[in-house]
Structure formats: structure tokens, C-alpha cells
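Here are a few quick notes to go with the model. Have a look at it first, then read on.

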Amino acid sequence: MTDKPRNKLTIAPIREGLVGETEDGPLQLATLDLTLPCRRFLVEHKVADVGKVSVTAEFLLRFVRAMGTCTEEAVQSFFGYSRREMAYVVHEVEDADYVHRVEGRITLTPTGLSLFRPGVEEPLIYEVERKTARVGFDLISLAPAEKKFLSYFERSLPELPLADVERVSSATERVPSSFRRFFREFAPKIDPTSTVRRTLYSIDGVAAEERFSTLVRVRLVSSGLKPTMPDIDLSEWKSDYDLSDREAVGRAVAEIVERMAVPRREDDGEAYQLLVNLAPEYLKEWTRRDGLSVQRFYRHAFTSHGDVRADRPTVPIIGSLFTMENARRLFEIASYGLRKTRHASGAVYWVVPQAPLWGSTSIMAEAIEQFRDRIIRTNEDLAHRQNVESIALTAQRPERWVKEAFTREHGSDGRVFPGGFEMLLVPGAFVAATVHAPIGQQSGLPVPLGFASFDPRVLERAGELLYANAEAFKLGDMLKQNLIVPPSSDKMEDGAGEQDVVPVDK
């Protein structure tokens, strides 16, 4: 009798951390645009074109400088000049007021002494010219800043904090040193014909003029293992070389990012349950009896590519909708959804989460306008041309930039959705829903996690969710009517189109 081979029981290794170390990589968490306070200054100054004296005059001046004072006979003897040559050389430097002669002795005048700059052995001639320049400096690091046109939305974005108000008030007194430091950068703009020989001779006056702002693009890049602790990337704003002169701006950005950290909310579980309610078919693989397994779904969202396809109507979203990668994915979802819809949607609805600095980037304003434009073009194709509203649904007073980005905002008097819940809906076309909460830590920067979809079933549930709460947001009849739309002709049958996505390495 032979023993039958026993089946071996293998135990899958327990994962430590949110993702495996081999799966770890960068996570584009958020993109911010912050305004940098600046001011323009009128700087009156003199510039000098550096030239050289003749060779013979140079040696004479260097000899007299070394001696302090000397006789004409000593000069003639040292250089071996004839009486005629001696008279010619002395006449050149005397006419230029570089030396004076008293009783046969030669001494450098103050003008002659000024030809010798510290650390330079040879005498240089300066042709001085008066100039006036209007130059911009940021008020945090006092480094050069260019004034550019900003839209109303951009001007309403959050401003970087001024750590030292006294230094800002004394900026006029500190401008001369900064102007000297960055003169080579300013010179071609002040005078396009200037040459490298032109140097700053003196600063005679500084007057403060109008204030303005510039934008600082901030990318927050964390990792799969530590998503709540991002690094600050300013490379889209300035090069590493330029950033070395703007360390104070970097510190101000870091201060703002620190303020974005939040603790976990008591209603975060409700927010994740809303995701499950909207897309139960898609999220069933990561749903337990007690709700969504956030860390397992996070791992899937991080390790999967999430490419949009006609047969993959729902894709995971991790990070802000306003990172470049997520914005690209969102527009792909929108393109599929708008091609399939039969309904001329009259509005874009956006449930604004209670997350610090949400939407504080020009990417949001551009996305809203592009969505409206695409919907209008879809409406034209369907012969239902109409205006398209963008509606911000808020539970608290919206920030200034949110008001500027949307055509209308509707606030509720009380709590409607969990604080971290965000949803973008174009009825009948596409939807995106995320939850803003720390992942893997009790507190830290919120890590938006959710999905984007053009699945008709998900769209129908999203519309019903907002319709059920329309009164709380004081939506009028027309905006309520837009939420319930006829199904598209290719609405999926139950179970069709479910996503069997196998996680793959990034």
C-alpha cells in the first residue's frame, strides 16, 4: 500500500504596511496653486561701462600707486622714457584728472585712486550712466518676481503666509541689497543693449509701487507606504538653482501644507459606505460585512493602472482629482460617458468635501470649464443647445476660489453628507466619488480614495442620491429635474460589465 501524497497547505505571507515594499512607488497626492505676495519697486541707480586706460598710462598709474608719490625723474628712469615720451604719458593721465603734479612730484588724485577696485591690480575706467528700473520682488524671500496676468479665480487662491511682517514693512530698505544681488538677472530687461562689462555703480533711491501676486505651483508627492506624509515638489514653479534663492518661500509652503493635516473623522465610515452604495458591483471584491476594506481597496487602487476602456466603465481613483494623472483619467471617463449619453445635461454637480484647501488649483477651474464646454458641444450634437451650470454643493461657507470656479453654489443649513465625501456628477454621463481621510494613520494629510465611472447603474444611483437631498441644498425644480435622466440605450444588464481587474505592478 502506497501513501498518497498529501495536499500542502500554504499560508500567504501577511503584508506589512499598506503595500508591499516591492510595490511601493511615488503617489501624486495633490496639486496646489498658491499666491505669492509681491511688490514692484522703482529703483534709481547708476550703471558703469568698464573700460581700460592705455597700456602706458596703466603702468604709470600702477607705479605711482605702489610708490604713493614719486618724482617725474623716478618715473622716467624706471620706464626708460625719453623726455618726449614722458611728457606724452604724463599729459594723458593729468588731463583725465588721474594724477596731479606739484613741484616735480606725481601723486594720484581721488579719481585716480578710484580706478583701482578692491582685489583688482589694474586700473579701470568707468563711464557712469543714470538709469531707472521698475522691478518686482516677492515679499517673502525678496527674490525677483515677474508680474503676469491672473484671472479672478487665480487672484482668489490662498496666499502664502508672511512669517515676518516687520521684514515686509521694511522691504524698501532691503531692496538695494537684493537689487545688487540679482542685478545680472535684471540688467538685460532694464537695457537690452547692455553688455557683460556693464556693472552696477550705485543705487540712489528706491520707491515702493503697486503690489501684485504670482502663482506658485506645488505638487505633493508621497508614497504607497506613507501616503499621508508627502514631499513638497516646487519644480514646476522654479528650478533647483532658482529655489536656492527662495528658501523662505519653501518654508511658507511647508507651513501651509502642515495646516492641511486632519484627524480621522467619526463619519469616515459613512463616507466609504456611500462609495459602496453607489458602486456595489465594482467594489464587491473589497467589501466585507462591516463595509469597505479601505486598506485592501487602497492597495488595489495604488497597484493597478486603472486605464479607462469601453468594457471597463469604472476605474479606481487615488489622490486628488486635480493631479494631472487623475484629471487625464477623469476626462477619459467623461469622453466615454458623453459619447454614450442621450440626455442633454444642463448642469455639473460637485459635492465639495470639507477638506483643507480643496480645489485650490487652476486645474479645477479649467476642468469645470472644459466639462461645461464638452457638454455644450454634446448638446449641440443632440440638437438641445442650452446653458450648462456648474453647481457647488457645500456644507459650509465656500472658499473664495470655489465661488469663482462655479457658476452657482448651494449650501445646506446642516449636515447632508459625511465631511470627507466628494462627488462630481454630470447626470447621464459620468460620475467620480472619493473620500478624503487619512489612510494608514490616525491623522495626516487626507488621501482621496474612490472611483470614476460612466456605468449607467452608478450614474442612476448618484442622481438618486442627490435628488433625495435636493431640498437640503435648496435646488430649484430645473436642477432637480436634471438629476433624474432617461437610461441610455446600452444600459448594462445586471452583472454585465463588472470589472475583474487583476492588480498589476505599477
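1. Strand E6 is the top contributor to the lining of the largest pocket, giving 5 residues. Strands here are DSSP runs of E, at least two residues, and helices are runs of H or I, at least four, numbered from the N terminus. This is a predicted model: local features need pLDDT of at least 70, side-chain atom pairs count only at pLDDT 80 or more, and totals for chains, interfaces and linings use all residues. Residues are numbered from 1 along each chain as its sequence is written, and side-chain values use heavy atoms, with hydrogens and water left out.

2. That pocket holds about 420 Å³ and has 22 lining residues, with Lys148, Thr214, Leu215, Trp237 and Lys238 nearest its centre. (On a 1 Å grid over the protein atoms alone, a pocket is an open set of points where a 1.4 Å probe fits, with protein on both sides within 12 Å along at least five of seven lines; lining residues have an atom within 4 Å of a point.) The volume is the space filled by probe spheres set on the points, joined across faces, edges and corners.

3. By class, the lining has 11 charged, 8 nonpolar and 3 polar residues. Asp, Glu, Lys and Arg count as charged, and Gly is among the polar ones.

4. Elsewhere, 3 strands make an open antiparallel sheet, ordered E2-E4-E3. E2 (69-71) and E3 (99-102) are at the edges with a single partner strand each, so one side of each has no neighbour in the sheet. Pairing takes at least two DSSP bridges; E3 and E4 (105-108) have 4, including His100 to Thr107.
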